[in-house]
Amino acid sequence: MILLAAIVMSLCAGVPAAFGQTAWPNQREADLALKNFRFANGEALPELRMHYVTLGTARRNAAGEITNGVILLHGTSGSSRSWLARPLADELFGKGQPLDASEYFIILPDSIGAGGSSKPSDGLRGTFPHYRYRDSVNAQHRLVTEGLGIRHLRLVLGTSMGGMHTWMWGEMYPGFMDGLVPIASQPIAISGRNWLTRRIRIEAIRNDPEWNGGNYTTNPSHYVYTLPLAALTTESVVRLQEAAPTREAGDVLYKRLVEDARRRDANDQLYAIESVMDYDPSKDLDKIRARLLAINFADDEVNPPQLGVVEPAIRRIRNARHVIVPASRESHGHYSYQRAALWKSHLAEFMKELEAKP
C-alpha cells in the first residue's frame, strides 16, 4: 500500500519529494540471522533473515545497557526505507525533532515478508511458512535483544500494520518499553470493511488462474486488476477526487495503480495480507504497563473513528490517551500516517513526558 499511496499522493498538490537526507547520523544497514526460527503455527525455517537500519548512537548507563533505543515499525507493503522518506524522516529525525537522531538510537526493522527480510519470493514461494503478526513481533523483539543487545526500549512506535504490532509489543513484552505510540490502528480484531477488503484481495490472488497454489514461475497477471481497491479504501476521498477530477483522469490513475501492482510478487502480497489473522489485542489490553499514546485520523476509513472502539480500550490502560487528528487540506485518510507533520506535535509532547518520567 505504500507504493499505491505514493502514486495517489503524487497526483495531489503539495507532495514532498520522496527522500530527504541521503544519510542520517551513523546510518547503517545489517542483517541478523535467527537460526531455527519456529513460527506460532509450528512451521519453521532453518534461518530467518531480519534486515534492519539503525540511525544515531547508542547511549549506555553505568551497567553498559543501552538507554536510548527506539524502534519504528512500518506498514503493510512498506519496509525500513519507508521511514527514510522525506515526509517522515525530515520531520522526525532532524535536530530538535521528536526523534532527533543525535539523541536516540533508532532501529528500523524490515518485518517478516518485507524489504530485505525473509519472504516467500526469496525462493520458497507457496511453501514459505504462513507467518502471523505474533511471529513478526517475536522476530522484531529477538532482533532488538539478541541482535542489538538491548534489554529495554525508550519507545515502540508503529504506523498502520506497525501500529498494530505496537499494541502487541505492549502486551507481549510489558515493561520492556517506556512508551508506546500506535498510529493509524485500532486495538480490535480485523473485521467489518477492513477484513472484507482484505478478503477480496486474498481471493483475487488465490483464484488467479496463474497462481498455481503459489508455486508459479511467472508472477500471476489477472489479480492485479483488483489491487487498486487498496488505494481506494485507504486514501482520502477528497484527495482521490483531486487526483481524478474527470473520468479520463480516473482511468489514468487506475492504469498506474495496476502497473504498480504488476511489479510486486503475488505471494509476498498474499502472505502480508493474511498475516493479520491472529491480530486481536482487545483481550490483553490490561497487560500493557507502558505509557501509551494512540494517534488516529478523522478521515481514516480503514480505522473509522465512528466505530468507537479506541476510547473504551484506552480506559483500560493506565497512563494512556487517544488523539484524533482532524481532516484538513494536508490529510490523506489512512495514508496521513506517512506525513509526520500532521501528528508529530503530539509525539513531541509525549516524548517530553517520557523524558520527565522515565
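Hi everyone, let me start with a definition: by contact I mean heavy atoms within 4.5 Å. This is a predicted model, where local features need pLDDT of at least 70, side-chain atom pairs count only at pLDDT 80 or more, and totals for chains, interfaces and linings use all residues. Residues are numbered from 1 along each chain as its sequence is written, and side-chain values use heavy atoms, leaving out hydrogens and water.

On confidence: pLDDT, the predictor's score for each residue from 0 to 100, has a mean of 93 over the protein chain, with 94% of residues reaching 70 or more. Residues 11-17 stay under 50. Where pLDDT is low, the coordinates should not be read in detail.

Now to a helix pair; helices are DSSP runs of H or I, at least four residues, numbered from the N terminus. In H5 (residues 192-206), Arg198, Arg201, Ile202, Ile205 and Arg206 meet Ala266, Gln269, Leu270, Ile273 and Glu274 of H9. Those contact residues comprise five nonpolar (Ala, Val, Leu, Ile, Met, Phe, Trp, Tyr, Cys, Pro), four charged (Asp, Glu, Lys, Arg) and one polar (the others, Gly among them).

Key:
Helix = DSSP H or I, 4+ residues; strand = E, 2+ residues; numbered from the N terminus.
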